[in-house]
Amino acid sequence: MVTGANRGIGLEIVKQLSRGGMLAVLCSRDVEKGKQAASKLASEGLEPPVVALDVTDDASVANAVAEVMHLFGRIDVLVNNAAIQREGMTAEQASVLDVAPELALEVFNANTLGPLRLTKAVVPIMRQGGYGRIVNISSGAGQLAEMAAGFPSYRMSKAALNALTKVTAAELGPSPIKVNAMCPGWVRTDMGGPDATRSVEQGAETAIWLATLPDTGPTGGFFRDKTPIPW
Ligand SMILES: NC(=O)c1ccc[n+]([C@@H]2O[C@H](COP(=O)([O-])OP(=O)(O)OC[C@H]3O[C@@H](n4cnc5c(N)ncnc54)[C@H](OP(=O)(O)O)[C@@H]3O)[C@@H](O)[C@H]2O)c1
């Protein structure tokens, strides 16, 4: 299951996982947008199933997971990709001193609690299947080691997503379920904008690696370009 997969990095992750032979489910909060996105892959012979999923809605998460289980009977990989970013990139545009708590809560609800909702829903299924890969698409913007000013709500939500990654990996321990976070770099999408330095292919690369890790692969890590980076 790849969340927020109707455009940007999420769509690219579905495309690459499908090319690799995985049955990747394209989750989209607007199912019509999801179907339109899936149709763009048809020329390659790829037909990812589309499932409605709004990560901020408990019922939607439950319904999406139930639908995937009904259709396919298992969930091996979860990519928590869906996120929002609603603030300016500099302190002048978006000072932490001006953050409206309502906005911070909205961003936290999507970027942090969305992945928490999905993790809670799929880990029992992965435990039963004896296999799991959870990939949390985080951001260098959430790195405490390099924390700076600008888009404060987004930064806080991604730092908290990194905490969720470590807490989940610690709780699962050396189980067959691996939980990792990654930063795609600055990627040309609606969120990253046209001046970003990376293509969606480059942005998705580390997520694909983490989604298909061998049993000897890492858990509880934070990566960019398949290389560990400081939290
Ligand atoms: N682009 C970058 O430079 C960059 C850098 C670092 C990290 N990231 C991270 O990479 C991931 C993908 O970013 P992107 O650049 O591809 O962003 P994007 O182009 O803005 O796409 C975001 C996706 O998330 C979906 N989404 C938002 N809220 C949702 C919700 N409540 N439920 C379900 N889906 C929801 C959007 O769906 P709708 O179409 O319905 O809105 C869209 O499909 C995000 O986690 C982002 O934080 C991106």
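Threonine 212 is partly exposed, at 40% relative accessible area. Buried means under 20% relative accessible area, exposed means over 50%, and partly exposed lies in between (1.4 Å probe, protein chains only). Threonine 212 sits in the loop between helix 6 (200-211) and strand 6. Helices (H or I, at least four residues) and strands (E, at least two) are DSSP runs, numbered from the N terminus. Lysine 35 lies 177 residues away from threonine 212 in sequence, and the two are 25 Å apart in space, C-alpha to C-alpha.

The model is predicted: local features need pLDDT of at least 70, side-chain atom pairs count only at pLDDT 80 or more, and totals for chains, interfaces and linings use all residues. Residues are numbered from 1 along each chain as its sequence is written, and side-chain values use heavy atoms, with hydrogens and water left out.

**The ligand site**

The ligand takes up the space of the largest pocket. A pocket is found on a 1 Å grid over the protein atoms alone, as an open set of points with protein on both sides within 12 Å along at least five of seven lines. A molecule sits in a pocket if more than half of its atoms lie within 2 Å of the grid points. Helix 1 (8-19) and helix 5 (152-172) are the elements that give two or more residues to the shell around the ligand.

There are 28 residues around the ligand, and Asn6, Asn81, Tyr154, Val187 and Thr189 come nearest. A residue is near a molecule if one of its heavy atoms lies within 4 Å of it. By class, the shell holds twelve nonpolar, ten polar and six charged residues. Ala, Val, Leu, Ile, Met, Phe, Trp, Tyr, Cys and Pro count as nonpolar, Asp, Glu, Lys and Arg as charged, and the others, Gly among them, as polar.

**Buried positions**

Isoleucine 9 belongs to helix 1. Its relative accessibility is 14%, so isoleucine 9 counts as buried. The C-alpha atom of isoleucine 9 is 8.1 Å from that of valine 187, although 178 residues separate them along the chain.

Glycine 132 is in strand 4. Glycine 132 counts as buried because its relative accessibility is 0%. Aspartate 76 is 56 residues away along the chain, yet its C-alpha atom is 4.9 Å from that of glycine 132.

Leucine 118 lies in helix 4 (residues 101-129). At 0% relative accessibility, leucine 118 is buried too. Valine 65 is 53 residues from leucine 118 along the chain, with 8.3 Å between their C-alpha atoms.

Phenylalanine 151 is not a glycine, but has a positive phi of about 20 degrees. It is placed in the loop between strand 4 (132-137) and helix 5. Phenylalanine 151 is buried, at 11% relative accessibility.

Aspartate 225, also not a glycine, has a positive phi of about 50 degrees. Its loop runs between strand 6 (222-224) and strand 7 (227-228). At 42% relative accessibility, aspartate 225 counts as partly exposed.

Terms used:
1 Å grid on protein atoms, 1.4 Å probe; cavity = no way out; pocket = protein on both sides within 12 Å on 5 of 7 lines; lining within 4 Å.
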